[in-house]
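Here is a walk through one structure. Keep the sequence and the coordinates open as you read.

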Amino acid sequence: MKYTLSGRLLRGEQSARLLLLLLPVLIISAAFFLLPLARLLVISFEGDQWGANYWQALTEARYLSSLVDTLLLSVSVTLVTLAISVVCGLFLARNEFAGKSLLVSLLTFPLAFPGVVIGFLVIMLGGRQGLSAELGLMIDGSRWTFAYSIAGLFVGYVYFSIPRVLLTVIAAAEKLDYQLEEAARSFGASRYRIFRDVILTGLKPALLASGAICFATSMGAFGTAFALATDINVLPMTIYTEFTLGANIAMAAALSILLGLITWLVLFLARMLSGADASPAA
Amino acid sequence: MKRTPSYYLQLGFTLLICAFMLVPVLMSVTAGVTENYFKGISSGLTLRWVQEVLSIYSDTLWLTLKLALATLAVNLLVGVPAAYVLARSKSSWARLFEEILVLPVAIPGLAIALALIIAYGGVQDLRTSWLFILIGHVIYTLPFMVRAVVAVLHSIDFRQLEEGASSLGAGFLRRFFDVIVPNCRGGIVSGALMTLTLSVGEFNLTWMLHTPLTKTLPVGLADAYASMRLEISSAYTLIFLVMLLPLLLATQWNGHRRKAQARPAVQTPAPVAKGVT
């Protein structure tokens with residue numbers, strides 16, 4: 001039997017073959033991801049003093065305000081999106097009615113829209129020739145616009161977050177154990193208590209995971225801000241301006257590393273807290 | 001089930017959100033085929049703007065298609081075998097590598113693009129080639145392909161299938177192509193659709209990596225939004241949506257199909273992770 005006779009040899013040959021199969025991805029990853037990332041890290045420390053760029057990023061007003069604005073925007077987008085998705089997600093998971101799958105499709109098809117397109121859609125809603133401008137003309141004779149302010153970014157980010165979060169919430173809500181609610185009800189729990197202690201607790205892993213993704217995506221989103229050409233400098237826009245107009249590559253690199261660390265950390269924490277649900281394979 | 005006021009309240013809210021998602025798209029589509037958006041639809045319907053976009057930006061369409069197919073080809077060629085190895089191996093090196101491989105999902109595209117430019121921007125031949133964008137797209141989409149396939153492999157007992165095939169005398173290649181690949185077809189299809197959708201809509205990386213001669217559709221869109229009249233921007237967006245539509249329909253169909261035949265342990269890898277922004 002070749003298994004017993006040359007088992008070790010075969011296993012050695014096998015692991016060589018496995019390595020060979022993995023090799024292309026290893027090379028691509030090393031050459032086009034790890035190496036560039038290392039260069040980015042090295043360049044971010046270039047300058048007068050070691051770490052001066054990071055110090056500047058965290059102390060100088062224009063960088064700090066960009067960072068704080070982006071954080072606040074992303075947190076509020078995440079909270080609002082989660083709230084909307086919990087209401088719609090629970091409703092869609094628990095009720096059957098004609099046209100439901102169409103409704104779910106309509107709510108989630110913008111999943112694949114890139115940020116620039118969403119920026120344009122916000123202009124359609126709140127730009128100078130947009131829907132709200134028409135509405136304003138009818139009501140008080142002035143063009144209501146919100147697309148070019150932070151409200152425009154907010155609307156755009158909520159728009160692109162809803163499909164992702166909603167899909168996760170629907171999937172989680174379908175798996176909730178309805179008997180737990182029945183039990184709570186029979187013990188006299190109020191509707192609010194049931195919602196808070198049973199439903200939200202059950203949805204928590206899904207909310208954590210999708211909320212973290214929503215937050216990270218908002219932090220790194222570039223296309224929407226770019227299309228809206230706002231004067232609000234979200235962090236990716238600041239990085240872009242530093243790199244192209246300022247030609248301050250070291251600063252752009254430092255800000256990129258900061259941004260990457262924040263998004264990675266949030267996703268990592270969510271994965272730890274929500275358990276297996278946010279593991280890379282699930 | 002009885003329909004309480006709360007039911008109608010929730011239904012109303014859900015419909016409102018649906019309108020929020022749908023109305024701007026419909027407005028954009030209408031604007032793209034309207035003679036003059038200022039005057040409204042009464043000025044007449046026309047395909048003039050669509051034709052104009054096709055004459056100005058047709059090269060962006062072809063490049064986007066070429067990039068998406070090339071990204072898919074690379075992901076299939078290197079991603080599927082890698083997923084197989086990662087699913088099979090129990091070593092901690094494999095786990096570490098898996099973490100590194102999916103890291104680009106957690107890092108904003110802008111940062112990855114900046115890193116690529118710093119490392120390879122000096123190589124003129126590469127910098128000005130569409131291959132530079134291809135590299136970015138592969139780095140960004142490969143994790144989705146690998147994850148989708150790994151998830152399916154974890155849900156089936158592929159070792160036993162392989163052993164069975166092996167005891168019947170099937171060599172490695174035979175086992176890989178006749179046993180492994182057919183059994184994780186669902187994952188490969190999900191990963192492929194994800195790859196195509198992400199690549200077609202990718203902007204964050206592509207905007208940094210493109211040159212005036214290598215503009216993709218989303219890059220052209222940003223261009224049009226900044227400098228063209230609303231009707232042209234809308235017509236261009238319409239063309240993009242038309243390109244995306246078959247992918248969206250296929251994704252929905254694939255989702256339903258997999259849900260219908262899912263074994264208890266199979267969990268569809270969330271196609272949500274990081275999206276296309």
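**From one residue to the whole chain**

Start at A:Gln179, which sits in helix α9 (residues 178–186) of chain A. Helices here are DSSP runs of H or I with at least four residues, strands are runs of E with at least two, and both are numbered from the N terminus. The model is predicted: local features need pLDDT of at least 70, side-chain atom pairs count only at pLDDT 80 or more, and totals for chains, interfaces and linings use all residues. Residues are numbered from 1 along each chain as its sequence is written, while chains are lettered from A and ligands numbered from 1 in the order in which they are written.

Is A:Gln179 buried or exposed? A:Gln179 is exposed, because 8 other C-beta atoms lie within 10 Å. The cut-offs are 20 or more other C-beta atoms within 10 Å for buried, 12 or fewer for exposed, and partly exposed in between, with C-beta atoms placed from the backbone. From A:Gln179 to A:Ala209 is 30 residues in sequence and 25 Å in space, C-alpha to C-alpha.

Now zoom out. Chain A has 13 helices and zero strands. Of its 282 residues, 45% are buried. The C-alpha trace of chain A spans about 85 × 65 × 35 Å along its principal axes. Its radius of gyration is 24 Å, whereas a compact globule of 282 residues would come near 19 Å. That radius is taken over C-alpha atoms, and the globule rule is 2.2 Å times the number of residues to the power 0.38.

Next, one helix pair. Helix α3 (residues 52–59) of chain A packs on helix α13 (residues 249–274) of chain A at about 70 degrees, with axes 9 Å apart. Axes are lines fitted to C-alpha atoms, for helices over the stretch in contact, and angles run from 0 to 180 degrees between N-to-C directions. The angle therefore makes α3(A) roughly perpendicular to α13(A), a label for 65 to 115 degrees. On the α3(A) side, A:Asn53, A:Tyr54 and A:Ala57 make the contact. Across from them, α13(A) brings A:Ala250, A:Met251, A:Ala254, A:Leu255 and A:Leu258. Contact means C-beta atoms, placed from the backbone, within 7 Å.

Finally, the partner chain. Here 77 residues of chain A are in contact with 73 residues of chain B. Helix α2 (residues 7–44) of chain A gives the most to the chain A side, with 17 residues.

Note on methods:
Angles under 35 degrees count as roughly parallel, over 145 as roughly antiparallel, 65 to 115 as roughly perpendicular and the rest as oblique. Two residues are in contact if their C-beta atoms, placed from the backbone, lie within 7 Å.
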